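Subject: Structure for you to look at

Hello,

Here is the structure I promised to pass on. Please open it first, then read my notes below with the view beside you.

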Amino acid sequence: MSKTTVPATHAPVTTASHADAIGHGNSPAAWTCVIVMLVGALVSSIAYVIASTPVFIGGLVVMVIGLLAGWAMRKAGYGVGGSKLKNSGH
């Protein structure tokens with residue numbers, strides 16, 4: 001097999017500017033997802049140290065619940081650019 005290289009002249013040129021939206025996920029859906037998942041990770045970490053398998057699995061379940069809660073909130077309009085977050089001029 002031979003390796004194929006793309007010369008620098010054919011590579012797509014993209015430049016970043018400070019005016020571009022970064023999209024950090026700064027929304028209620030993202031914050032809820034992250035906070036619930038952090039709690040689940042904390043529970044799993046403590047359970048790992050004390051060697052408790054049921055509590056460890058419970059922490060993993062909490063992390064999955066956090067992921068699903070963030071997804072549901074995004075679908076409900078609380079994600080970045082969601083309909084519930086738009087300023088209506090009040």
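One cut-off comes first. Buried means under 20% relative accessible area, exposed means over 50%, and partly exposed lies in between. At 37%, Val55 therefore counts as partly exposed. Val55 sits in helix α2. Keep in mind that this is a predicted model.

**The whole chain**

How many helices and strands are there in the chain? There are two helices and zero strands. The chain has 90 residues, and 14% of them count as buried. Its accessible surface comes to about 7,500 Å². Carbon and sulfur atoms hold 69% of that surface. Now take the contacts between residues at least 6 apart in sequence. Of these, 52% join residues at least 24 apart.

**Helix α1**

Helix α1 runs over 28-50. It has 23 residues. From first C-alpha to last, α1 reaches 33 Å. That is close to the 33 Å expected at 1.5 Å a residue.

Which residues of α1 are buried? They are Ala29, Cys33, Gly40, Ser44 and Ala47. The cover over these buried residues includes α2.

An α-helix has 3.6 residues a turn, so residues three or four places apart point the same way.

**Gly40**

Look at Gly40 in helix α1. Its relative accessibility is 0%, so Gly40 counts as buried. Leave out residues up to four places away in sequence, and Gly40 touches Gly59, Val62 and Met63.

**Helix α2**

Helix α2 covers 53-78. It has 26 residues and reaches 35 Å from its first C-alpha to its last.

The buried residues of α2 are Gly59, Gly66, Gly70 and Gly77. What do they pack against? They pack against α1.

Start with Val34, in helix α1. Val34 has a relative accessible area of 43%, so it is partly exposed. How far apart are the C-alpha atoms of Val34 and Gly70? They are separated by 8.1 Å. Along the chain, Val34 and Gly70 are 36 residues apart.

Next, find Ala69 in helix α2. Ala69 has 26% relative accessibility, so it counts as partly exposed. Ala69 and Thr32 are 37 residues apart in sequence. In space they are 7.3 Å apart, C-alpha to C-alpha.

**The loop**

Ala51 lies in the loop between α1 and α2, just after α1. Is Ala51 buried or exposed? Ala51 is exposed, because its relative accessible area is 67%.

Its backbone deserves a look too. Most residues other than glycine have a negative phi, and most peptide bonds are trans. Phi of Ala51 is near 60°, a positive value in a residue other than glycine.

**Before α1**

Ser27 is in the segment before α1. Its relative accessibility is 4%, so Ser27 counts as buried. What does Ser27 contact, leaving aside its neighbours within four places in sequence? Its contacts are Tyr78, Gly79, Val80 and Leu85.

**The nonpolar patch**

Trp31, Ile35, Val39, Val43 and Val55 make a nonpolar patch of about 430 Å². Which helix gives the most to this patch? α1 does, with four residues. Val55 is the residue from my opening note, in helix α2.

Best wishes

Notes: Residues are numbered from 1 along each chain as its sequence is written. This is a predicted model: local features need pLDDT of at least 70, side-chain atom pairs count only at pLDDT 80 or more; totals for chains, interfaces and linings use all residues. Side-chain values use heavy atoms; hydrogens and water are left out. Buried means under 20% relative accessible area, exposed over 50%, partly exposed in between (1.4 Å probe, protein chains only). Contact means heavy atoms within 4.5 Å. Accessible areas come from the Shrake-Rupley method with a 1.4 Å probe; for residues, only the protein chains shown count as cover. The expected span of a helix is 1.5 Å times one less than its number of residues. Patches are made of residues with over 30% relative accessible area and no salt bridge: like charges are joined within 9 Å, nonpolar side chains (Val, Leu, Ile, Met, Phe, Trp, Tyr) within 5 Å. A salt bridge is a side-chain nitrogen of Lys or Arg within 4 Å of a carboxyl oxygen of Asp or Glu.
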